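Subject: Structure handover

Hello,

Here is the structure I promised you. Please open it beside this email and follow along.

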Amino acid sequence: MRFDAIVVGGSYAGMAAALQLVRARRRVLVLDGGQRRNRFASHSQGVLTQDGRDPAAIAADGRAQLLVYPDATWRDDRAARVARTEECFEVITEGGDRFQGARLILAYGVVDQLPPVSGLWERWGRTVLHCPYCHGYELNRGELGVLATGPMSMHQALLIPEWGPTTFFTNGALMPDADQRAQLRERGVRLEEVPVSAVKGEAEVCLVDGRSFSLAGLFVASSIRPASDLAAQLGCETSDTPMGAVVKTDARQATTVPGVFACGDLARGAGSVSLAIGDGAMAGTATHQSLALPTP
């Protein structure tokens, strides 16, 4: 089947991109594997008009509204392979279907990777968190922690005191120098350099020396990797960020491969529902204009 555009990834960025295109009367296919990055969270805060709603409900509403448009087609399937031909892009799904699109929008997101500390994954998105703007207010100025994963964690440790008293657990991942220690003291951050053995209860950080800290929330700067290798298959360039590599795009979400756009967490070092929607809207409009207007 041939489409004007194929969107790989049906979360917030992908749906926002598809919406712009179907409203421009273009035929669009959305391929979605059903693995939203924020599927572990029960509430999505800081999203205008949707503050505090279940992120799954926001995504379900988006899909329902998108599929009202007759030019929108949705397949619950993962894109496994992609190739560029002289006339279009061909996508082959894990289910064995083949689709062709004049343009391709990559919105399949990233996978978070956490340090090997017992109990982190079980609490990820609930009391082990990555973004204070998404979750900080609800912690009600309680005792907070930052678990170091690398240099980015220093920034986190200096920022988190805005939401509550903060302990910085370096856990062997970071050794603050004299200037950094002075900055932490100035921000009122307690420095704890004894390694962490586990996280238990709601957010109880246990150290190898037997001490523990009962926290309202623990912030961790995860590292990321793309959720698929499609961009690599196409030869899209990447950009390094403190969290990991992302697909390189310009201000209009165009990648370094003509006809391919990328949006959402896949194309930025950090993200949220609001940013993903904005990226997707830009990618969708830019994709449409690349179809409608001749190249200068």
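Which side chain does a polar contact of 2.7 Å join to that of D112? The partner is S222. Keep in mind that this is a predicted model.

**Around D112**

D112 sits in strand 7, which covers residues 110-113. Is D112 buried or exposed? It counts as buried, because its relative accessibility is 8% and the cut-off for buried is under 20%. Its side chain also makes a polar contact with the side chain of R37, at 2.6 Å. Leaving out residues up to four places away in sequence, D112 touches R37, W121, W124, S222, S223 and I224.

Next, find helix 1 (residues 12-23) and helix 8 (residues 273-292). They pack at an angle of about 35°. Their axes are 7 Å apart. The crossing of helix 1 past helix 8 is right-handed. On the helix 1 side, the residues that meet helix 8 are Y12, A13, A16, A17, Q20 and L21. Among their partners in helix 8 are V273, A276, I277, G280 and L291. How many charged residues does this contact have? It has none, against eleven nonpolar and six polar residues.

G145 stands opposite T167 in strand 10.

Helix 5 spans residues 152-159. Its buried residues are S153, M154, Q156, A157 and L158. What do they pack against? They pack against strand 9 (144-147), strand 10 (166-169), strand 15 (217-220) and helix 6 (178-186).

**A hairpin**

Strand 17 (residues 238-241) and strand 18 (residues 244-247) run antiparallel. Four bridges join them. The two strands form a hairpin, with two residues between them. T241 has G244 in strand 18 as its bridge partner. In general, strands of a sheet pair through backbone hydrogen bonds, either parallel or antiparallel.

**An exposed tyrosine**

Y133 is in helix 4 (residues 132-135). It counts as exposed, because its relative accessibility is 60% and the cut-off for exposed is over 50%. Leaving out residues up to four places away in sequence, Y133 touches L159 and W163. Y133 and R187 are 54 residues apart in sequence. In space they are 18 Å apart, C-alpha to C-alpha.

**Two backbone angles to check**

Most residues other than glycine have a negative phi. T49 has a positive phi of about 75°, although it is not a glycine. Where does T49 lie? It is in the loop between strand 2 (28-31) and helix 2 (55-66). T49 is exposed, with a relative accessible area of 68%.

N140 is not a glycine either, and its phi is positive, near 55°. N140 lies in the loop between helix 4 and strand 9. N140 is exposed, with a relative accessible area of 62%.

Best wishes

Definitions and conventions. Residues are numbered from 1 along each chain as its sequence is written. This is a predicted model: local features need pLDDT of at least 70, side-chain atom pairs count only at pLDDT 80 or more; totals for chains, interfaces and linings use all residues. Side-chain values use heavy atoms; hydrogens and water are left out. Buried means under 20% relative accessible area, exposed over 50%, partly exposed in between (1.4 Å probe, protein chains only). A polar contact is a pair of N or O atoms within 3.5 Å; within protein, one must be able to donate a hydrogen and the other to accept it, and residues adjacent in sequence count only if both atoms are side-chain atoms. Contact means heavy atoms within 4.5 Å. Axes are lines fitted to C-alpha atoms, for helices over the stretch in contact, and angles run from 0 to 180 degrees between N-to-C directions. A crossing is left-handed if the near helix is turned anticlockwise from the far one by less than a right angle, and right-handed if clockwise. Ala, Val, Leu, Ile, Met, Phe, Trp, Tyr, Cys and Pro count as nonpolar, Asp, Glu, Lys and Arg as charged, and the others, Gly among them, as polar. Two strands pair if DSSP finds at least two bridges between them.
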